[in-house]
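Q: I have a fold open on my screen and would like to learn how to read it. Can you take me through the features one by one?

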Amino acid sequence: SQNDATLVDAMPDAMPAACADAIEVATSTPSRRTTCTGFDRVDGCASVGAEEVVFRWVVPATANYTISSTEVGTGIIRSTGRMNAACTATTTCPGLSQTPFTAGQVVYLVLESQAGCMTFDLLIEPT
């Protein structure tokens, strides 16, 4: 779909530093954030140089989860990148992800602005 993207750079910028500053998110609780952070430590789902917000989510129960990032004001679902628990490798950037996760798994999620800054709602829900 038009919201899907493929990561080009598997070890961009300063991924471990980005994960160290990650914002904790909870399941089924929307998190409204802006990408106007002043940081570009992860190159992934948007153009190089795009500012991003990194989230840390600990999976509460083994199940399938839907991860969505919806741009406030437009309702457009944006790509959300996913990094492994060591913050050294990235996976795909789906606009809407329905993925199986294991209880206790640590997941880092990255949302980058497409152009300029963007305010969005991140939501992770069991499906």
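A: Let's start with strand pairing: two strands pair if DSSP finds at least two bridges between them. The strands themselves (E, at least two residues) and helices (H or I, at least four residues) are DSSP runs, numbered from the N terminus. Here 3 bridges join β6 to strand β8 (residues 106–112), and the two run antiparallel. One housekeeping point: this is a predicted model, where local features need pLDDT of at least 70 and side-chain atom pairs count only at pLDDT 80 or more, while totals for chains, interfaces and linings use all residues. Residues are numbered from 1 along each chain as its sequence is written, and side-chain values use heavy atoms, with hydrogens and water left out.

Q: Which residue in β8 is the bridge partner of R82?
A: In general, strands of a sheet pair through backbone hydrogen bonds, either parallel or antiparallel. For R82, the partner in β8 is L109.

Q: In what order do the 4 strands of the open sheet come?
A: Read across, the order is β1-β3-β8-β6, with mixed pairing. The edges are β1 (23–24) and β6 (81–83); each has a single partner strand, so one side of each is left without a neighbour in the sheet.

Q: How many helices and strands does the chain have?
A: There is 1 helix, along with 9 strands.

Q: Are F55 and F120 buried or exposed?
A: Buried means under 20% relative accessible area, exposed over 50%, and partly exposed in between (1.4 Å probe, protein chains only). F55 is at 1%, so it counts as buried, and F120, at 0%, is buried too.

Q: How do the planes of Y65 and F101 sit?
A: That pair is tilted, with 55° between the planes and 6.2 Å centre to centre. Y65 is in strand β4 (residues 63–71) and F101 in strand β7 (residues 96–101), which links parts of the chain 36 residues apart. Both Y65 and F101 are buried.

Q: Which side chain does S69 join through a polar contact?
A: A polar contact is a pair of N or O atoms within 3.5 Å; within protein, one must be able to donate a hydrogen and the other to accept it, and residues adjacent in sequence count only if both atoms are side-chain atoms. S69, in strand β4, joins its side chain to that of T80 at 2.5 Å. S69 is buried, with 0% relative accessible area.

Q: Where does T102 lie, and which residues does T102 touch?
A: T102 is in the loop between β7 and β8, and is partly exposed at 46% relative accessible area. Contact means heavy atoms within 4.5 Å. Leaving out residues up to four places away in sequence, T102 touches V59 and T62.

Methods. Rings of Phe, Tyr and Trp (its six-membered ring) pair if their centres lie within 6.5 Å; planes under 30 degrees apart count as stacked, over 60 as edge-to-face and the rest as tilted.
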